[in-house]
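Hi,

Here is the structure I promised to pass on. Have a look at it first, and then read my notes below.

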Amino acid sequence: MNAIAASFSRLLDIIAAHQPTSGPIAVLGLSYKPDTAVIEQSQGVALVDRLCAHGHRVLAYDPKALDATRAAVHTPLSSSVRFTATPVTAMSISVRGVKRR
């Protein structure tokens, strides 16, 4: 397993430990680097894809890359992604499903 795949696997394990499958997960930051709309090789977009593939609903926000991401997400899983206008909206919706300890 390469380093990127290992990182995603570890991150998905952490998410599974804290977030129920039925609750949406917020992904804040979709572009390849801050303050751009460039999403090629974006870890944020890859994370959205993997979360959807694992059955999660995703709330996605990025101040610059929302339009580029909307245009790029054309998989059967795209119905699991909701794009939000603000990071506060994404977080407030996703926090409702977090497991309490």
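At about what angle to β1 does helix α4 run? Please keep in mind that this is a predicted model. Helix α4, residues 87–95, lies across β1, β2 and β3, and its angle to β1 is about 155 degrees. With angles over 145 degrees counted as roughly antiparallel, that is how α4 runs relative to β1.

Now to the sheet itself. Its three strands are ordered β1-β2-β3 with parallel pairing, and the sheet is open. The edges are taken by β1 (25–28) and β3 (81–83); each has a single partner strand, so one side of each has no neighbour in the sheet. From one strand to the next, the twist averages 25 degrees. Three bridges join β2 (residues 58–61) to β3 in the parallel sense, and V58 is found opposite V81 of β3.

The other thing I wanted to show you is a pair of helices. α1 (residues 3–18) packs against α2 (residues 43–53) at an angle of about 55 degrees, and their axes are 11 Å apart. The two helices are therefore oblique to each other, and the crossing of α1 past α2 is right-handed. On the α1 side, the contact is made by I4, A5, F8, L11, L12 and I15, while α2 brings in Q43, A46, L47, R50 and L51. By class, the residues of this contact are nine nonpolar, one polar and one charged.

Best wishes

Conventions:
Residues numbered from 1 in each chain as written. Predicted model: local features only at pLDDT ≥ 70, side-chain atom pairs only at ≥ 80, totals over all residues. Heavy atoms only, no water. Axes fitted to C-alpha atoms, helices over the stretch in contact; angles between N-to-C directions. Helix = DSSP H or I, 4+ residues; strand = E, 2+ residues; numbered from the N terminus. Parallel < 35°, antiparallel > 145°, perpendicular 65-115°, else oblique. Left-handed = near helix turned anticlockwise from the far one by under 90°. Contact = heavy atoms within 4.5 Å. Nonpolar A, V, L, I, M, F, W, Y, C, P; charged D, E, K, R; others polar. Pairing = 2+ DSSP bridges.
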